[in-house]
Amino acid sequence: MCLAMPAQIVEITGRRAQVTLLGNVRQADLSLLEGAEVGDWVLVHAGFAIERLSQEDARQTLELLAAIDDHAGTAV
Amino acid sequence: MIARPIRIMEVCGTHTHAIGRSGLRSLMPPNIELVSGPGCPVCVTSQSDIERILILARRPGLTLCTFGDMVRVPGLTSSLERERSAGADIRVVYSAMEALELAGREDGREVVFLAVGFETTSPGVASLILQADHQGVANLSFFISHKLIVPAMEAVLQGGSRIDGFLAPGHVSVIIGPEAYEGLAIRYSVPCVVTGFEPADVLEAIVMLLDCIVEGRPGSFVQYARAVKPGGNRRAWEMLTRVFDITDAEWRGLGVIPRSGLTLKPAFTRFDAAERYPLPEMPSVQPPGCRCGDVLRGLIHPPECPLFRQECTPRNPVGPCMVSSEGSCAARYTYG
Amino acid sequence: MAEVRGDERQFDEPRKRVGLRVSGVVQGVGFRPFVYGLARRLELAGFVRNEPHGVELELEGPEGAIRTFLKQLRTCAPPLARIHDVQAREILPLNESGFVIRHSSQTGPRATLIAPDQGTCDDCLRELRDPGDRRYGYPFINCTNCGPRYTIIRDVPYDRVRTTMSVFAMCPACRAEYDDPSDRRFHAEATCCPACGPRVQLTDGFGTPMECDDPIAAAIHRLSMGQIIAVKGLGGFHLACDASNPQSVRRLRQRKHRDLKPFALLVRDATVAGRLCEISEQALDVLTRQERPILLLRKRANHGIAEEVAPRSACFGVMSPYTPLHELLMTGPLAALVLTSGNISDEPIAYTNADALERLRDLADGFLLHDRAIHIRTDDSVVRMMVGTPRFLRRSRGYAPFPVELPVDTTDGEILATGAELNNTIGITRGSQAFLSHHIGDLQNTAAYESFLQAIEHLENVLAVVPRVVVCDLHPGYRSTRYARRCGLPVVSVQHHHAHVASVLAEAGRTDRVIGVAFDGMGYGDDGTLWGGEFLVCDLGGFKRVGYLEPVPQPGGDAAAVRPARMAYSYLRAAFGQRADDLAREWLPSLMGVERDVAERLIVCRVNCPLTSSMGRLFDAASALLGICDLNTYHAQAPMELEARAWQAEFEEGHYPARIEREPSGRFVIRASDILRALVGDRGDGTPVEVCAARFHNSIARVTMTMCERIRTDTGLRTIALSGGVFANALLVERLVPLLEDRRFEVLLNRLVPAGDGGISLGQAAVAAWRSRCA
């Protein structure tokens with residue numbers, strides 16, 4: 001439940017955005033962030049973007065995630 | 001190097017997982033003990049709330065939307081899973097957004113979203129309520145069981161558990177900021193390190209924590225700097241405080257902790273499921289033999305509970321610590 | 001839940017929220033209603049709450065308002081509050097409106113301080129005197145700013161249920177005030193009124209109430225008729241009589257078996273005090289402060305008080321009324337009452353109704369009693385102005401158990417200090433504070449020893465401290481030492497005079513090395529001899545004895561302490577050798593025949609004749625040689641009367657020189673016998689007693705100063721700490737301190753605890769704490 005994933009904003013419509021999350025495209029709500037733009041990396045939790053990430057930070061996290069085994073996935 | 005026994009507590013289900021999954025415990029020197037605290041919001045939902053949620057679920061014409069890990073939490077005689085098999089309309093969602101969408105699509109039904117979670121989740125729910133309010137949605141309400149993590153950490157310390165340091169939750173801290181732990185750290189001389197959710201993060205954080213403990217430096221520090229910023233996410237917090245008031249809340253295993261829960265502000269009462277539907281006061285009753293409370297307070301490890309692996313398993317959980325995959329007992333059972 | 005909400009408001013300025021932790025004496029002092037009122041006035045949201053460690057606040061609002069609050073928190077706090085520390089941090093705003101008082105929390109570490117008992121405040125006095133007020137004439141009126149605290153508290157946190165007021169259920173009117181945050185009696189745990197609170201009665205010696213409409217008026221009437229009335233105060237019973245009636249006072253002396261020790265006076269107000277005594281601005285402040293100690297003040301001529309009250313004393317011990325009961329007692333025609341402790345000779349004062357009736361039945365003609373129980377007996381505090389500051393002779397009611405800061409944190413190594421044998425107090429440390437008990441008394445007395453045990457238990461309980469270490473005096477015969485060595489904890493022993501000096505250092509927060517001057521009647525030396533006129537180079541960790549009065553025999557040991565004439569004889573032998581007997585016949589006529597022979601035999605054979613370097617015994621000897629006092633019917637009578645006579649020649653500047661010699665060991669010795677030799681000679685020349693007495697005081701001051709100079713030359717130290725019971729002598733202090741300061745010494749004296757044995761427990765605690773820190 002605590003889990004939050006890095007995702008990149010692909011498209012913005014009002015307060016909603018399309019984001020790529022682990023290769024999947026999902027919806028995320030941007031109302032908890034200010035000034036997010038297409039191309040930004042964000043941390044997404046339960047459908048809400050809660051923080052912006054630098055590309056480097058996002059990359060680091062994704063690298064760590066790549067080492068995850070299947071069990072973690074069910075927590076989301 | 002330190003010789004005396006050191007107890008480090010984590011208060012985030014993801015950390016429980018990470019530690020379990022990676023076998024980090026077995027890597028620790030014998031004097032360092034990793035203990036799980038009340039970090040799983042599903043686990044700490046009071047039985048009183050669970051019974052009332054089940055009553056809601058049984059209402060005809062009502063759709064209950066919930067996060068997945070609430071589904072198998074056992075009440076006295078039932079669970080959402082059981083109710084679903086008995087015909088209740090219970091939908092697992094990934095985000096509260098889906099509840100809003102559902103309410104929009106099925107305007108003949110009453111939709112209730114089960115709002116459980118710590119400060120990572122509650123700002124999103126707050127945002128959603130504002131949206132619902134703005135849109136004038138009439139068939140959506142929320143059963144609020146959100147909680148705040150810092151009062152629980154304080155309650156653990158006040159309860160006499162000897163804790164030398166905390167691994168503070170990473171994503172909660174994205175919202176509340178690392179400063180939120182400073183008061184606690186200084187008052188009780190317990191350093192806190194905001195930790196990321198990967199085993200590598202946890203290991204790094206433990207090292208930082210040990211440094212602080214040895215040098216006698218109580219304070220709040222950040223390991224998970226890639227996501228956690230000083231001050232946290234002010235906008236998210238403001239949204240939370242626009243919609244919610246802070247109230248006393250009952251935590252399973254810890255009792256009532258003052259100002260540790262959220263309740264809707266008067267302006268949003270019509271979104272409160274507990275106001276909208278008649279829900280009786282239900283006292284909390286502990287299943288006999290269940291020691292989830294002591295596990296949550298870090299007083300015992302899961303294997304020390306007499307029911308662990310006997311009557312209580314992930315398939316047949318007695319208490320919530322075994323139900324949610326983030327619960328201490330479930331993690332221990334799975335990862336050893 | 002006692003929650004009160006403020007107004008709901010809209011706001012759009014940027015808001016901040018701060019969390020505050022306030023520690024110190026902040027419970028039971030009207031702090032929460034003060035905070036509530038201040039927050040509401042500044043339109044801040046948030047809450048205030050009592051916690052075991054003090055008071056917790058959160059404030060939310062514009063930054064400017066928060067800053068104003070923080071400033072006024074310090075400057076406008078209620079009179080009984082003592083803020084030690086305010087910790088503030090910024091926290092996330094909650095977008096709240098309204099300020100609330102929240103329920104006390106009982107969990108967490110206990111760190112709050114119990115307020116000492118306080119005299120009636122001006123607001124309550126006004127209500128007491130206002131015929132329209134419902135508490136008009138009610139002897140138990142109190143509020144959050146005044147009244148009983150320490151003496152009625154059984155346990156913490158400070159709530160009515162844990163005080164002796166628990167048996168009185170509040171009436172609706174009192175409860176309404178108790179629940180109203182804007183009322184001065186909000187959460188005033190001891191609040192009460194004539195309808196629901198304690199009642200006063202005038203009874204005979206068997207507790208049977210006497211017929212009367214108004215017990216207090218009846219008591220006043222009886223006092224004016226010359227009767228002796230036992231009065232139940234805050235810390236125990238007093239015996240009262242009309243101070244201007246010689247017969248009453250004489251009768252009281254007979255019944256108390258108290259020949260000469262001065263009685264304290266309760267005066268109606270400061271004006272009366274000014275008529276009886278010389279009273280400076282500073283002294284006036286001490287007299288009228290809420291602690292209400294007994295203040296020693298120089299008598300004026302024509303004071304109109306019976307001689308028997310304080311015979312042979314230069315001072316009156318004067319106290320203003322400290323409870324409403326005493327205020328009412330002084331509304332009659334009597335402007336001054338004797339108010340002496342309710343006991344016979346040296347027993348602890350009676351503090352329960354039953355005990356008082358039994359023990360004082362034959363002393364008092366009537367008993368003014370009430371039904372509010374006293375949990376902890378406390379004697380009155382006694383204070384005297386010296387070099388411009390009030391100094392304690394006894395520290396008890398109104399001050400205990402307020403702590404003294406130590407320069408060391410004792411967490412996880414808390415200390416129990418068992419104190420000395422006479423004028424005992426005990427101390428318990430918590431964190432970096434030493435909490436000292438009320439005056440317990442002479443442990444040789446069984447009832448006092450029980451009181452000692454009770455005080456240890458009570459303080460441990462209310463402080464929630466389990467001591468890890470116990471400290472005691474070196475004297476193997478002290479009951480406090482014997483207790484310490486039996487109690488099972490690791491024991492630290494601290495030499496008596498080191499403890500005296502350490503008490504000064506602890507008060508001043510000094511961890512450096514100083515010249516310690518410790519003068520008293522007797523303390524066990526680390527070489528097994530009796531010390532009392534000591535010059536030490538010391539710090540909190542240890543000491544070196546670098547100078548002392550030349551040791552002289554003390555014939556009969558303790559017997560000589562009671563009989564100054566014996567010490568005088570011993571000094572005559574030291575000063576005059578063979579001529580001593582002739583001189584004794586002339587100057588010590590009371591030491592006749594058998595006793596003199598015995599004394600001589602003891603000295604010669606060195607049997608039961610310990611050597612003593614005591615300054616107190618030197619004063620005894622001088623007093624006896626001048627014919628002032630040769631029998632101590634009460635503790636320190638001879639030196640006190642000597643001082644009183646010396647004040648009569650206070651402008652005398654002469655002195656008797658004394659040699660200071662260096663021993664092979666390197667230590668300095670004062671040949672005190674030189675002084676007494678010169679004194680006898682002076683007296684023989686016909687110099688008046690007062691002048692000799694004054695010269696004697698000057699001599700001690702001078703030789704002390706010279707000794708300190710010698711030590712400074714050797715060591716380079718220029719700070720002097722003065723302590724020990726002899727420094728209760730105001731004349732000595734007023735002579736010595738300017739002498740030292742003129743020579744560019746920095747002089748430190750006790751000002752938070754007595755210089756006498758009442759301060760030993762602080763010194764012991766400080767030394768033990770310092771040593772464990774450095775271990």
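Tutor: Two residues are in contact if their C-beta atoms, placed from the backbone, lie within 7 Å. Keep in mind that this model is predicted.

Student: What does the contact take from chain C and from chain B?

Tutor: Eight residues come from chain C and nine residues from chain B. By class, the side of chain C that touches chain B has three nonpolar, four polar and one charged residues.

Student: How many residues of chain A are in contact with chain B?

Tutor: On chain A, 25 residues are in contact with 34 residues of chain B. Strand 4 (41-45), strand 5 (48-53) and helix 1 (55-66) of chain A each supply at least two residues of that side.

Student: What makes up the side of chain A that touches chain B, by class?

Tutor: It divides into 14 nonpolar, seven polar and four charged residues. Val, Leu and Ala are among those that count as nonpolar.

Student: Which residues touch the most other members of the largest nonpolar core?

Tutor: The core has 390 residues, and Val42(A) is one of those that touch the most other members, with Leu265(C) and Ala766(C) also among them. Leaving out residues up to four places away in sequence, Val42(A) touches residues including Ala7(A), Ile9(A), Val19(A) and Leu53(A).

Student: How do you know that the span of helix 21 of chain C agrees with what it should be?

Tutor: Helix 21 (residues 689-715) has 27 residues, so at 1.5 Å a residue it should span 39 Å. Its end C-alpha atoms are 39 Å apart, therefore the two agree. Just after helix 21 of chain C, Gly716(C) takes a positive phi of about 80°.

Methods:
Residues are numbered from 1 along each chain as its sequence is written. Chains are lettered from A and ligands numbered from 1 in the order in which they are written. This is a predicted model: local features need pLDDT of at least 70, side-chain atom pairs count only at pLDDT 80 or more; totals for chains, interfaces and linings use all residues. Helices (H or I, at least four residues) and strands (E, at least two) are DSSP runs, numbered from the N terminus. The expected span of a helix is 1.5 Å times one less than its number of residues. A nonpolar core is a set of buried Ala, Val, Leu, Ile, Met, Phe, Trp, Tyr and Cys residues joined through C-beta atoms within 7 Å. A residue is buried if 20 or more other C-beta atoms lie within 10 Å of its own, exposed if 12 or fewer, and partly exposed in between; C-beta atoms are placed from the backbone.
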